[in-house]
Amino acid sequence: MTDAPAPAHPLDGCDPIALARELFFRQGREATGVAEPIARSWQRSRHLPWQHQELEPITQGELDERREQSLRLLACAQPELDGLAEHAAGNGCVVILTDASGLILHEIGSPDFLPKAERIALKPGVEWSEGVRGTNAIGTALVERHAVMVLGGEHYLAPYAQLGCAAAPILDGRGGVAGLLDISGDTQRVNQHALGLVRMSAQQVEHRMLLAGAQGHVLRFHARPSLIGTQREAMLVITDGRVVAANRLALELFESDWAGLLDRDIRGLLGRDWGRLEHQRGLLTLPGGRQIAGVVERLGAALHAAPRRRASEAQDVGPDADPVAPLLAKAARVLDQGVPVLVTGETGSGKDVFARRLHAASRRSAGPFVALDCASLPENLIEAELFGYEDGAFTGARKRGSPGRVREADGGILFLDEIGEMPIGLQSRLLRVLENRVVVPLGGGRPVAVDFDLVCATHQSLAAMVQAGRFRADLMYRLAGFTASVPALRERADRRALIARLFDELGGLQRRLRLREEVLDRLAAHSWPGNVRELRSVLKSLIALAEEGDQVGLDELPASLREAMPASAAPALPAEAVDRPVAVTESLRDATRSAIAQALEASGNDVAQAARLLGVHRSTVYRHLARRQP
């Protein structure tokens, strides 16, 4: 696949797109004869370092994690995906759902077009942002923040010249991009009708997402009373007397934007009598004299996307029960002032999920979220991945170089996971970038100014690493402007509610499965050395093995959980087995061995990490391993 732009059609003087490409690509002149969004996108794409031919899909495990991070989006979009799939299949097209970065989460549609889509990497696990694919409906709609259709030669790159796409972004109640819906097919299959369908469907997904994540009160209103309760209604979410979210129809009716509505005192916007509309429709005269019809509803379980759970769980699973929410709010306030945030916590506790939630809650939510796991790359590649490189900077470098993660994060958030694993030689360079906000790629490229906010994560003590000479003290002080400690699963007071919610979100609700009370008790009592990551694996197994409509009982649990007693009933254990519920028949020695074996399995046989999970010294684990030798 070539990365050189080329005309999509022979230049015969009759094709306006071919003429525009000739002017723009061959003669370097301003593009004429194309829509303004396409012309703007061509200009943005012209300066990109092309590397699309070498991009590979993320692994299935990484895709599963990205889907889990977008569970609300997936749940709220599913009805629209089902509805659009029928249209797409009948017209030889596919329907695509992406996350906010343009990564394809889900694809469904015509079996005839799916193989063609595969050949151009239009499939789940592949990113179609404008930054890596040039002008295309997915990436360009995310940048432009409105519905876009891109046909044939309007695509920046020649390999996509036979592709037609219509896409519409899905915006949250504060104007941030949550995801995107797209219809793609052969050029002649995509038209204005497809564009209208994805635009309408995206608004319906926005409608569900606004209600699914809201707290307080919602005002449903319209100038035409008959439209209240339909997908055409305007909505404001009101919490503590202030507007905290709005849909696009509300912006239209108030002739405003999100900045003009969000965080306003509701009395200044609607007048002092707005509360009289609670639970009953009526007319409301706004301060300017204009009248609207509306109804105010107190938000409860009935307004949320998922069906109401059992009464015993309702309070626990509500938005207010999230123990991480106050920490997230503080971290977002700090990050919005340009102060780096350091996320700490045990392996598997959800530090990366916290970082993505932080991005969504921050001032940079409309910008990119660019992550780099410092522990997953060889030391000699981290510098190139982080700071980028010029063509020929080293053997094996990609043609035309790479911008690097720092430049990709411009305008958004750079997330450096496992920052403690960054080689100390690179730490000084990162510090200079943070101080000067300028990055120089490897190979002597020109300095490039960058603007991003920084979030880092680690399961290690950076202070201890400084003492050991493995981490720079000045960088540690710079990174730890605010430390957000994500609690381990065993420390969370909402364990029971979290387990019930994850079970539903991972597929239990869709398959009408239910965890029996004794199973919830057993799962909540477990110490979970692998934290949320381990919990998700167990719940996925339960869901996969259950028949639709089942009530999952104790017999379906893994043996290690089925035999365990609740922590409150467990006999006292030695320090080596702290926080682990043990089987009635286990001796203290067996319990100790079992706890250490479980921690080693959860940590991938990393002795230091297993010791941290157990809260013991590494020598205890080494002694255990020595005893196991024949």
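Mentor: In strand β5, S184 is the bridge partner of C165. Strands in this account are DSSP runs of E with at least two residues, and helices are runs of H or I with at least four residues, both numbered from the N terminus. The model is a predicted one, in which local features need pLDDT of at least 70 and side-chain atom pairs count only at pLDDT 80 or more, whereas totals for chains, interfaces and linings use all residues. Residues are numbered from 1 along each chain as its sequence is written, and side-chain values use heavy atoms, with hydrogens and water left out.

Strand β4, residues 163-171, pairs with β5 in the antiparallel sense over nine bridges; two strands count as paired if DSSP finds at least two bridges between them. β4 and β5 form a hairpin with five residues between them. In that turn, G175 has a positive phi of about 90°.

Strand β5 also pairs with β1, residues 93-99. This pairing is likewise antiparallel and runs over seven bridges. Here C93 stands opposite G185 of β5.

As for accessibility, ten of the ten residues of β5, residues 177-186, are buried, so the strand is largely enclosed by the rest of the structure. Buried means under 20% relative accessible area, computed with a 1.4 Å probe on protein chains only, while exposed means over 50% and partly exposed lies in between. In a regular strand, side chains alternate between the two faces of the sheet.
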